[in-house]
Amino acid sequence: MIGFNVLVLVCLAYAALLFVVAFAAEKRAERGTVGWLRSPLIYTLSLSIYCTAWTFYGAVGYAVRSGLEFVTIYLGPTLVMVGWWWLVRKLVRIGRAQRITSIADLISSRYGKSTLLGVIVTLLAVIGTTPYIALQLQSVSLSFSVFSAEGGAMPDFEALDNTALVVAAGLALFTILFGTRSLDVNERHHGVVTAIALEAVVKLIALIAVGVFVVWGVAGGPAEMMAQIDASKIAEWQLDGGRWATLIFLSAAAFVCLPRMFHVMVVENADERHVAVASWAFPLYLFAMSLFVIPIAVIGLSVLPGENPDLYVLTVPLALDQDSLAMLSFLGGFSSATSMVIVAAIAVSTMVSNHIVMPIWLSARQGGASMSGDVREVVLLSRRISIGAVLALGYLYFRLSGGGAALAAIGLIAFAGVAQVLPALLGGLFWRGATRRGAAIGLTLGFAVWAYTMFLPSFGDSFVLSAAVLADGPWGIGWLRPHALFGIDGLDPVVHAVFWSMVINSSGFFLGSLFSFPAPLERLQGAQFVNIDDHVRNAPGWTHSPAEAEDLLIMAQRILGPAEAQAVFEAEARAQGKAGYLPNPSPDFVERLERQLAGSVGAATAQAMVAQITGGASVSVEDLLAVADETAQIMEYSSQLETQSQELSRTAAQLREANEKLTQLSIQKDAFLSQISHELRTPMTSIRAFSEILMAGPMSEADQTRFSTIIHDEAIRLTRLLDDLLDLSVLENGEVSLNWQDANLHSVLDRAVAATSSMDGERPLAIRRDARAEDVALVTDPDRLAQVFINLIANARKYCDAEAPELRIEVTSGEAGVTVDFVDNGAGIPKASQSMIFEKFARLTDQGRAGGAGLGLAICREIVAKLGGDIGYLPDQGGAAFRVTLPAAQAKAAE
Amino acid sequence: MSRPPATVFLERRSYRRRRLTDAARMLPLVGALLFLVPLLWAGGDDSAARTAAGGVFIFAVWGALIVIAGALSRHLIRPDPDRAPDGDGAGDTERGA
């Protein structure tokens, strides 16, 4: 028989062990050898704080009352963990990227670092957690009382109270010691996590040991056990479908939203891969925890039919004289209770200090965080006080509620309370349209409905809600009855409350989000949370106004501690290429710093503190618009510049081209003028000379005739030259009027050949033609065309240097038009000169043979162009070869 | 905030991994469905389900979920081949052993 004193001794020894383990872990972590302290196993075990004393002791009682329904409390978390790829992975990623310190911080950070939402969630957490802590204190003191009763001394209520008080004080001491040792930027507590992992092992072993004992030691094996279950009071499974589904949902929601669960799952998480391991290992833990619940319940019912089923885990071994097993079981229950209380106190105190105390403290001292005092001390102090306050509240609740059955129901009530955070949480994680107003409305409505339908009625008719209100609704309005909202009667109270609170909460959240417009910071944060897989970047909490690096350093030292802050600043300064401790406060750096600070004091507070120094409280739409406008303007301006510079270079190229042309034209004009004067002076000179001879005196008739003939010839030559010049200038100025008419190419060529053969020339020229090919009808100016042909034939006659000069005229008519080639058998035109023969005054050979001014081909080119055709030189034809192309349209039209 | 265009075709390894994540996403839904199966028993005639048999069913589903989740997580724990590691670790280099 274990005496009360032995029990106290064991208890103290166990507590001392926990202290030692936590202390050793802290020391180890301080030395930097984290090692197995942060292994997947420890992570999984730390999640086991889900199994509180309520589940350790209470599950068996639950099974006695409702059979298999107890298992729903474990099935929800199992589904959440098995589905880690959906939610937990994302939560952990966001938690790491944004340095989230609590669930209130997550909600506040997601919705634009809102202080209001932080406060709401914190209040919800405090209200949900306090009764739960009271429940743990009750279970510990009840289990003490069991042993005392065994020992013979029946404890009175006073003794129970004292036990609870001692336990609460001890827990407060432990939590303050290891939960607020330092302000870690990662908000991780190696000592606490290691201690609760140890407790997780103890409670699992204890429950399995009791289970193995009842199955093999009492029942005699699994088969016999099954038979016993079938024969027991709970053999029939009275399944309430609504409760079954609701409780699975509720436990899943609470698993994510409970502050303590969020703390170990997200905040204390060191590595995303640990979640992958926990995805199967934690369900396995829950599986093991619940495997023996029904057997223990059944054996308890048969061994101790009249006793409190909530304590069967303890009383069954005691009744069967298994003292050491009972002691182990007691330690398991003690572990369940203490680990839950410790983590819950840390989580809630972090929330209270970051979201309620710090904002008040900051606004109370408008001077700014850099004025004086050590912020770190303030934060730590506020956390320590919060821990004490939370535990004191729990103890007070335990005392006031009288430790009765009312407490037993508080588990589910607390679950439903914290589950109100779920819509805002899921919406914030998966829906970018979720806004702060929507979240606030949803949370408030859900909280109100939960309080009205579940929390307040749980006190019975003595507290706030009178019996009349419970029975008939407020002011006798039937459809407002707390357990039958809108007249829906007959539902299980839990299902009813969860259904209505979640429906109204989600609707308020959704509609509020639809009809409100998020602030810029909210939208940035929303995008970062929802798309965490795409980019891990923090939203800048400030825009302009360069902060003083020194002020930032002073403030950071207060929060992070001098050594760490200086290290951060020095590293940044080195990265910026500066010596010393003071880097330029670039937006990047300020953002990083803010995130570091957020790890210690929460996102909203960190932003407020940095904002006090940097000046910019937050981004406004105007700021964003201004930045966007500026950027757009700059981009537009630069693109304009680019276009302009392209245009400029184009224009410059054109100008260069034009300049070249002008220079050439000027040279050409000079050449033209000198040519003209030369051409005009030659005949003028001979005319003057011969007319002087004629004037000088009498001479023979023959001489007179000869000289006057020469004068006449020279005058004709002069006239022709002037005619040509005129002709060319008329053609070039486009003032010529063409006489369009139907004509036959053959007759035009005939005219041209006849005209050239009548010319006086000693050189005979054989002309080869193909009359049939030449029979092509044209619409053209035959006189002008003949002029071109005459020119070409005359050229051949003049310049062909062959022994027996010969000219082939070849006509080809095709789709593209009619081509007329004039090919002689002379030496042709040298390649170098081919490009300039169509220019004015271009003459290749000596002056004498030319007989013209060198304007012929230039005129030809102008005429053919006017007729819509083209004239060119054909190289490599065995002599000089010109091709005249006449357009097809005119050829066709004549057919 | 422009994203790089998503790859349309993946190599075999990446494709396998994506299907694995699909499986990981499906698993809780299948589990929830199976856990809700007892609701159908209750809807039947008045001979309600037995606790022993129901317990065996629930625990069997539970065990299967654990085994499948374990198998999936063994593969999913490896870094994603077609995704670069997180660029911004924010100095958070602490890793478990």
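Me: What makes Trp86(A), Met26(B), Leu29(B), Val30(B) and Leu34(B) a nonpolar surface patch?

Reply: Together they make a nonpolar patch of about 430 Å². A patch takes residues with over 30% relative accessible area and no salt bridge, with nonpolar side chains (Val, Leu, Ile, Met, Phe, Trp, Tyr) joined within 5 Å. Areas come from Shrake-Rupley with a 1.4 Å probe, and a salt bridge is a Lys or Arg side-chain nitrogen within 4 Å of an Asp or Glu carboxyl oxygen. By the way, this is a predicted model, where local features need pLDDT of at least 70 and side-chain atom pairs count only at pLDDT 80 or more. Residues are numbered from 1 along each chain, and chains are lettered from A.

Me: Why is Trp86(A) called partly exposed?

Reply: Buried means under 20% relative accessible area, exposed over 50%, and partly exposed is in between. Trp86(A) has 38%, so partly exposed it is. Look for Trp86(A) in the loop between helix 5 (72-82) and helix 6 (88-98) of chain A.

Me: How do you know that strand 4 (residues 806-814) and strand 5 of chain A pair?

Reply: Pairing takes at least two DSSP bridges between two strands, and these have eight, in the antiparallel sense, so they pair. Val811(A), for one, has Val820(A) as its bridge partner.

Me: Which other strand is joined to strand 5 of chain A, and by how many bridges?

Reply: Strand 7 (residues 881-887) of chain A, antiparallel, by seven bridges. There, Val823(A) is partnered by Ala881(A).

Definitions and conventions. Heavy atoms only, no water. Patch = residues over 30% accessible without salt bridge, like charges linked within 9 Å, V, L, I, M, F, W, Y side chains within 5 Å. Helix = DSSP H or I, 4+ residues; strand = E, 2+ residues; numbered from the N terminus. Buried < 20%, exposed > 50% of the residue type's maximum accessible area, 1.4 Å probe, protein only.
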